Amino acid sequence: MRRIFVVDDEVDILTLLEINLKKEGFFVKSFEDGNSLSSELESHIPDLIILDVMLPEIDGFSILKMLREDENFKDIPVIMLTARDKEDDKVAGFEKGADDYITKPFSIRELMARVKAVLKRAGKGLNEINYKNRILINLETHEAFLDGKKLDLTLTEFNLLKLFIENPDKVFSRTKIINLAWKEKYVSERTVDVHLKHLRDKLGDLGRQIENIRGVGYKFKG
């Protein structure tokens with residue numbers, strides 16, 4: 001699931017974008033200022049940021065500049081969202097590294113099209129799942145990569161990895177895991193434990209994030 005961060009000090013805009021982006025299948029997190037965004041970036045890297053220009057304390061252009069100068073964040077696609085429609089402002093945004101620029105009021109349909117276009121141009125195809133730039137799952141080829149190296153996964157292990165990466169911090173019972181990850185439904189709960197142990201081993205240090213919740217099931221700590 002693609003992760004999108006939205007930064008705007010207008011609550012109505014945040015709500016509108018969050019509702020519509022979620023309808024399109026994106027994971028969305030909203031922020032009202034740059035400081036909140038910076039704190040979240042310390043633990044999660046999004047696939048795209050929608051960034052308003054007029055923000056309290058630190059404006060969107062300054063945030064964009066900081067992103068582009070940071071080795072960890074410089075490649076995150078950014079769409080600037082603002083009430084400014086002057087040509088000079090748009091040029092300034094592009095010169096500072098914005099991938100696209102949308103003025104308010106905007107069409108939700110157009111915004112969604114631009115979001116998908118920017119993700120596609122950035123090589124973040126909608127048929128891929130990216131976890132913190134460490135795990136990449138290609139849904140078309142049924143391949144998964146860890147730190148750029150292809151993982152040797154069975155079909156069941158691939159399905160398990162996809163299930164957990166798409167649902168961080170959600171707890172699944174063993175029965176639910178069987179229903180979602182196995183074609184055959186007559187699988188023992190012990191079989192689930194064995195497959196998850198193998199998957200953990202193949203994920204190296206990230207394998208620890210698949211946690212056994214005693215008496216309940218498993219979750220992927222996102």
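Q: How are H6 and H8 oriented to each other?
A: In this predicted model, H6 and H8 pack at an angle of about 75° with axes 10 Å apart, and they are therefore roughly perpendicular (65 to 115 degrees). Axes are lines fitted to C-alpha atoms, for helices over the stretch in contact, and angles run from 0 to 180 degrees between N-to-C directions.

Q: Which residues meet there?
A: Thr156, Glu157, Leu160, Leu161 and Phe164 of H6 meet His195, Leu196, His198, Leu199 and Lys202 of H8, where contact means heavy atoms within 4.5 Å.

Q: Before we move on, what should I know about the numbering and cut-offs?
A: Residues are numbered from 1 along each chain as its sequence is written, and side-chain values use heavy atoms, with hydrogens and water left out. Local features need pLDDT of at least 70 and side-chain atom pairs count only at pLDDT 80 or more, while totals for chains, interfaces and linings use all residues.

Q: What order do the strands of the open sheet have?
A: The four strands run E6-E7-E8-E9 with antiparallel pairing; two strands pair if DSSP finds at least two bridges between them, and helices (H or I, at least four residues) and strands (E, at least two) are DSSP runs numbered from the N terminus.

Q: Which strands stand at the edges?
A: E6 (128-131) and E9 (149-150) do, each with a single partner strand, so one side of each is left without a neighbour in the sheet. Helix H6 (residues 155-166) packs on this sheet, touching E6, E7 and E8.

Conventions. Angles under 35 degrees count as roughly parallel, over 145 as roughly antiparallel, 65 to 115 as roughly perpendicular and the rest as oblique.
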